[in-house]
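The sequence and structure come first.

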Amino acid sequence: MNQQIAKQDRVLALSHIGVAYFAFLVGTFCGLLQVFIRNDALDLPAWLDYYQILTAHGVLLALVFTTYFIFGFFITGMSKTLGSFGPKVRFVSWLGFGVMTVGTLLAIVMIVSGQASVLYTFYAPLQASGWYYIGLALFVVGTWIIGFALVGHYIIWKREHKKQLSPLFAYMTIATIILWIIACLGVVATVLFQFIPWAFGWVDTINVELSRSLFWYFGHPLVYFWLLPAYMAWYVIVPKIIGGKVFSDSLARLSFILFILFSIPVGFHHQLTEPGIESFWKFLQTVLTFMVIIPSLMTAFSLFATFEITGRQKGGRGLFGWFTRLPWKDIRFTALFIAMFFFIPGGAGGIINASFQLNEVIHNTLWVVGHFHITVGTPVAMTFMGVTFWLIPYLTGRKLTKSIQKLAFIQVFSWSIGMLLMSTAQHILGLLGAPRRTAYSGYNGNSEALKWFDGIISNHVTMAIGGSILFFSAMILIYIVFVSFVASPKAVKEEDFVEFPIAESDVENTPKFLENWWIWIAVALILIAIAYTVPLSNMMHHAPVGSNGFKTW
């Protein structure tokens, strides 16, 4: 029998998801404006700046939408697999939600008022209002509070179930929270000790190289904070939807451990073109960057093993007969499968970004923008969309109607087409040399540079068409979310209730040491110390003259 989680936990989860989709609505509108500005088809009013909407687009979608949705997903899954939250866990979670929301509102007010057009990476020496950085700090602190509440819920369960391995969903949630907390140490350090004192004028200058290094200490594992919840859906949700089991509980848990170890000490591969970091440390972190391919391939192997085993159990014959037995008419599966497919070119592009010589070619170009969209905007965002289709009806107790399912297919396919057009154009233009982080650059009318934009795919019109399709798709999704929240018929009969699909995972042969978190936290900290202690020490002890703040808008 399908069972909803406790009402108080449902309200908590829905509050997170509601904020996530409000941010998604505004953030995608900002994205639509950008593609038309770059196409010279739109002029903004004097009070609104391109870099304002670029900053809002990045912060609202990459930080606010993803983080609120992830915690809404975690709250639901933890309550489902470990039991209802106690009053203390619930109170602390609401406290975290409140702190995170105050921080979000403060940061957004600063962006809208034109005092924080410093883009998503807020690189120094660009200087925003000090209140913007305080907003970011509160946002991170809020996530930590919620994270600690979920860890507390997990500890209570472990005390009551001594010597038992936790359910796979809960295990993966804790692994992701550990990664998030360790990763945030870098951005917390630079915001508290560098940006806030500098922005309020308590110190005159900032060590730019140190601030960027601390940002990317956080910025790269941030990608895995987005990806791991998607992997959770692929590992735990998809097998249940297709009628199978988790291929290997041990392999799934080990892959998450490896993501913690190999995703954090690699930030320098975002700074390969910057001076001030010795080549050895860049090389070391590049090697560690490529190590993350191991758990990625383990995940791909596990998922396709699950697909093949389940497909053959359903009568699939021949080399690929099992493929046709997968439930392609179920949007819960199809959305997530397309998301996985997009991760193939996304991952391949990541290898290019992390390579010394190839990075020289694409570093400051639109290629990186295309890579970001085809990685975060598709595998991550589309997985979240696929989860949304059943998660909100599960939490609200409403039906997932046939009309909404048909609409969901249109939404997923239109998002795929729009992203394919826009990101392909960005990749090609990036290879040719078109810059990123600019409203537009035609290199002062240089005829050779303008030829870049003459191709059928490689032009700003293609980007604008792709962006428009994406916005159209986003509005369909907002409609689905709205209907799922308040307008779909209430489920009354048992068969009308939407389930939270959790696949069976056999823990009989899973080694207990995989859940000894102290071992893995210690190994992660040792790797971080090896990769960062000497270069960060050099940046502080041999610091160049610091920089004053600049406002270019």
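A salt bridge is taken here as a side-chain nitrogen of Lys or Arg within 4 Å of a carboxyl oxygen of Asp or Glu. The model is predicted: local features need pLDDT of at least 70, side-chain atom pairs count only at pLDDT 80 or more, and totals for chains, interfaces and linings use all residues. Residues are numbered from 1 along each chain as its sequence is written, and side-chain values use heavy atoms, with hydrogens and water left out.

**Salt bridges**

By this rule there are eleven salt bridges. The table lists three of them.

| Pair | N to O distance |
|---|---|
| Arg253 and Asp249 | 2.5 Å |
| Arg332 and Asp330 | 2.8 Å |
| Arg332 and Glu499 | 3.8 Å |

Helices (H or I, at least four residues) are DSSP runs, numbered from the N terminus. Arg253 and Asp249 both belong to helix α7 (residues 249–263), where they sit four residues apart, about one turn of the helix. An α-helix has 3.6 residues a turn, so residues three or four places apart point the same way. Burial is judged by relative accessible area: buried is under 20%, exposed is over 50%, and partly exposed is in between (1.4 Å probe, protein chains only). Arg253 is buried because its relative accessibility is 0%, and Asp249 is buried at 3%. Both residues also belong to a network of salt bridges that links them with Lys158 and Glu515.

Arg332 forms a salt bridge with Asp330 and another with Glu499. Arg332 lies in helix α11 (residues 331–353) and Glu499 in the loop between α16 (460–487) and α17 (517–541), so this pair ties together parts that are 167 residues apart in sequence. Arg332 is buried at 15% relative accessibility, whereas Glu499 is partly exposed at 30%.

The expected span of a helix is 1.5 Å times one less than its number of residues. For α16, with 28 residues, the distance from first to last C-alpha is 39 Å, close to the expected 40 Å.

Among the buried residues of α17 are Trp517, Trp520, Tyr532 and Pro535. The buried residues of α17 pack against α4 (130–160), α5 (168–199), α6 (208–241), α7 and α8 (279–291), where contact means heavy atoms within 4.5 Å.

Definitions and conventions
Helix = DSSP H or I, 4+ residues; strand = E, 2+ residues; numbered from the N terminus.
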